[in-house]
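Here are a few notes to go with the model you're looking at. Keep the viewer open and follow along point by point.

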Amino acid sequence: MRVLGIDLGTTNSTVTEAVVGPGGRTITTLEVKQETPEGEYVHVLVPSVVAIHRGKTWVGEGAKRLRARAGELGLSPNRDLFWDTKNDIGVRKTYHRAPEGCRNASEIGAHVLRFLAAAAARKGAPPPDRVVVTVPASFQAAQRADTLAAARAAGLPVSDGDLLDEPIAAFLDHADRNGLDALGRAGETKHLLVFDFGGGTCDTAVFRVTLPAPGEPLRAATLAVSRYHRLGGGDVDAALVHQLLIPRLLDENGLGRHDLDYEEKARVVVPALLGVAEALKVGLCSEIRRLRGLGRREGADSSEPDRSDVAKTLPGSYPCRLPDGRDLHLTSPRLTARELDAVLQPFLDEELLYAKGDEYRTTCSIFAPIEDALSRAGLSADQIDGALLVGGSSLIPQVVDSVARRFPTARVFREETPEAVQSSVARGAALHALSLAASRRGLLTPVTGNALSVRTASGLVELVARGTPLPFPASGGFAACTELAVPESRTREPLPLRVELRDGAGGPVLNALCLFPPPVRQGEPLRLRYRVDANQLLHLRVDLPARPGAGGHELRLENPLTNVVNSQPKRERLLEIEESLRTGLLSGSKAAAATEEAARLYADLGQREKALSVYRALLRAKGRPDADLLFRMGLLAGELGDDGREERFYLESAEADPTGSEALFNLALARRRRGLLAEALSTVTEAIRRDPDAAYLVLRALVHDGLGDVPDRDADLARAFATFAPLPTQGDFALAWYLAACRLAGDAPRLAAAEAEEKRRRTTKPGLPFVDGLLPVLAAFAQTN
């Protein structure tokens, strides 16, 4: 028997072969031959990079090396150079400039999978009996479907049951290598956290695991999954590029901070330096692990090496050719442990858990997904019995240290060698494939982590009990709830039936409205058919069995009993706009409006240089000054620290709209920030002449205070308080300036009221969507009444 397990990763991919024969079982992560422009390269890791150059498609290390020479070779992202595309899988994004066969993430994934399958097709080896491909635990139905499509396009014989969640694969591999004795005794139930910190994603999954007795299946319930799809080792590499390498490149070549624009950075400089950053990071982390293996903690005390002395240097010159033909060079880049510590600080912050970023990179603490998963599983760190660290980025020593500190009472499990860490997911997939091929069931039986009930007018009716093995029903068909009845008769109007599902704790899972056409009779049977498949997709059918012609309703819900964090509405909207513009669905004024919305979203997401580039293009297309565009460009220039352009854009905006005041207000703010108080005073006074807004008066009071002019300060404060609307009706902008006025005036009662209002807004959470309809009743109750 021969099977394959494939880890289709964001940054790197691997393939593992498992064979059972007369000699027993062997599991081997295959070394893959990868053609490069410099010759053949062999490694178990295949970079998930595809490049098209001179009529040839390159996959793996060869494509990665071509990426480093993108400017020189004229390669462009998403046209003939593709990486990190796994983050686009399952969404409607297309690569419209790419040739046929490379137009979306699924097709790029097929290239990587086909390359791995070809490497596994050894001469004389039989075709695999089973192939399992791994996916992030948080992948939803569309993402799983696209992954299956990629595998089938690559010629792999896969079905829905051949996808395996990456954290489970890593756990299976760990259990196979090390056993489960360290986690507990047979029959015990333990909480396991799997932290999968890869090159492009960070998955945290919390499981409730029942340790099996000999001959029993291993059972695990997924309690929560938290995925941050733009948090991985690649983001650490990008941080190194922007915090260290680009400043050194600019300095070495005599350039200023703002001398390279967005296009030059995104299309040439960043692709050229990402590989350099990764090599420096990997080499330095390897050196730190070597020192620790010798019993030396780098910089821990005076007898050991200083963290500035522990370093990795890449000899040689690394070129970047700009579109205008200029050649920039970075010579012998060096990274010290102290510099890596500084770059990693926001990634390891236990207090500030929100994401920050721009168009080039994202920084977010690894504890954001960890805390999300713990919170949604209803567990504290002390309730975690074991923490398993997997993924290539878990090889960073500082990451291991930080996670171990966060879970002081848990056993922290990890593989000791880079090879074991990087092959763990593919090995677990191969083990799963072997079990499927031999017994038609996996090594681990997924079970529901919670109960699922339908709400009626009389209470809850349980549909699926906690701990039920999946899929449910096991036959793959539908279970039926026949205890329900129509709550009210309708002869002319449709019956609005509310289908409400709850979990074991009574928390809402689903709220849906199903309309049944009249006539409908009170008490007639109402049928609910349902099933939960192995991917935790709930299929629900609601109908009136006595009236086949009355129609029914079909509902689907992903992960109904698992808390999945993966919501990024602004990014999803941006992808939708970009796709509409790329494919020509919008034109004329609609295209211009969509482009402007995209620029605002870029700015909201911290992609300031990209937003500024789009606003410039919009301004050129209009061919005349536009006050709003210039105002937004001023905002972005200020956020980028470009004082000169900030001033120019605001002045142009104020001139383009002689009645507008916002640009002057922001210009006054900027001048006050730079200590130009006299200029700030004249500017805000002109803004007040145009619009005597309360916030403008507070700003002028602050300027007067800075100039030591107390009477004018107090006069402006009094006028501002008289102008402000009542607290509950103020917008957030006005409330912020009202707070500033209270503090400047030393008005304690007003300040207390304003702070209470601010706290109320901060802690008020939006309610769940309400569905206005009638709950079903119990059939027995309907008959009695």
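1. Which helix is the place of Glu264? You'll find Glu264 in helix H7 (residues 262-293); helices here are DSSP runs of H or I with at least four residues, strands are E runs of at least two, and both are numbered from the N terminus.

2. A quick word on what you have: this is a predicted model, where local features need pLDDT of at least 70, side-chain atom pairs count only at pLDDT 80 or more, and totals for chains, interfaces and linings use all residues. Residues are numbered from 1 along each chain as its sequence is written, and side-chain values use heavy atoms, with hydrogens and water left out.

3. Back to Glu264: it counts as buried because its relative accessibility is 12% (buried means under 20% relative accessible area, exposed over 50%, partly exposed in between, with a 1.4 Å probe and protein chains only). Leaving aside residues up to four places away in sequence, Glu264 touches Asp259, Val269, Leu322, Pro323 and Arg326 (contact means heavy atoms within 4.5 Å).

4. Now look at the open sheet, with three antiparallel strands in the order S8-S7-S9 (two strands pair if DSSP finds at least two bridges between them). S8 (56-59) and S9 (81-83) are at the edges with a single partner strand each, so one side of each has no neighbour in the sheet.

5. Zoom in on S7 (residues 49-53): its antiparallel pairing with S9 runs over three bridges. Val49 sits opposite Trp83 in S9.
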